Amino acid sequence: PTKKKKLNLGVQTVDSKVASSTLIICPLSVMSIWVSQLEEHTITGSLKVYLYHGPDRTTKATELGSYDIVLTTYTILASEGTNDKSPIQKVNWFRVVLDEAHLIKNPNARMTQAVVNLQAERRWAVTGTPIQNSVKDLLSLMMFLKLQPLDEKSFWNRTIQRPVLLGDASGFMRLQVLNLKPYISTCHFKIDFISNVYAFIHQLH
């Protein structure tokens, strides 16, 4: 069985209530890459990192909040769901980063609901393929990023999903206004996207 691991990248302790920790969610297959990149590109001892994975992972939210970075997987999130007893759901994270964010494409999936339910001051979605099968794939990303009103299913269906399915040119034009791909994996996402959302809403009027 996988044991919990602590990387000796620092000793800083942070109160989880202050929301100073970053949670990174990724597929298990790339977790080791995150670990190696952190070790390679940070100063030894500057960060305190925890792998929230395996049967021996901590059950204490306060412990998770004491790390600078917590790494976990989508599978772990799905297994714990939105349960209030889940320590990962109790932390008010400073930042939540989704690597391979397109994996939450089904808005009704338990994994997606768990990710959307996370408390965070900042939300980053990193993906090279925001749309894999249909426009509906983007709804989950809007829900995670809390980008109103696009995170509301009824609004999304009425203004984008349904028009696109019906072949209405207005639906495709609205997608073009959003112009997601260049922004979804950059640090300028929020500013750029918000300006595009305003343009999107203005177009509806």
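**Figure 1. Burial of helix α6 in the predicted model.** In this predicted model, the buried residues of helix α6 are D137, L138, L139, S140, L141, M142, M143, F144 and L145. The helix spans residues 137–145 and is mostly covered, with 9 of its 9 residues buried.

Figure 2. Strand β4 (residues 69–73) runs parallel to β2 and is joined to it by 5 bridges. Strand β5 (residues 92–99) also runs parallel to β2, with 4 bridges joining the two. L23 illustrates both pairings: it stands opposite V70 in β4, and its bridge partner in β5 is V96.

**Figure 3. The salt bridge between E80 and R57.** The count of salt bridges in the model comes to 1. E80 forms a salt bridge with R57, and the closest N and O atoms of the pair are 3.0 Å apart. This pair links distant parts of the chain, 23 residues apart: E80 belongs to helix α3 (residues 74–80), while R57 lies in the loop between β3 (49–51) and α2 (61–64). E80 has a relative accessible area of 13% and therefore counts as buried, the cut-off being under 20%.

Figure 4. Q89 is located in helix α4, which covers residues 87–90. With a relative accessible area of 6%, Q89 is buried. When neighbours within four places in sequence are left aside, the contacts of Q89 are L77, G81, T82, N83, A114, N117, L118 and Q119.

**Figure 5. The protein chain as a whole, for orientation of the close-up views.** The protein chain contains 9 helices and 6 strands. Of its 205 residues, 50% count as buried. Among contacts in the chain with a separation of 6 or more, 68% are between residues 24 or more positions apart. The chain exposes about 10700 Å², of which carbon and sulfur atoms supply 54%.

How values were computed:
Residues numbered from 1 in each chain as written. Predicted model: local features only at pLDDT ≥ 70, side-chain atom pairs only at ≥ 80, totals over all residues. Heavy atoms only, no water. Buried < 20%, exposed > 50% of the residue type's maximum accessible area, 1.4 Å probe, protein only. Contact = heavy atoms within 4.5 Å. Salt bridge = Lys/Arg side-chain N within 4 Å of Asp/Glu carboxyl O. Areas by Shrake-Rupley, 256 points an atom, 1.4 Å probe, with all protein chains shown as cover. Pairing = 2+ DSSP bridges.
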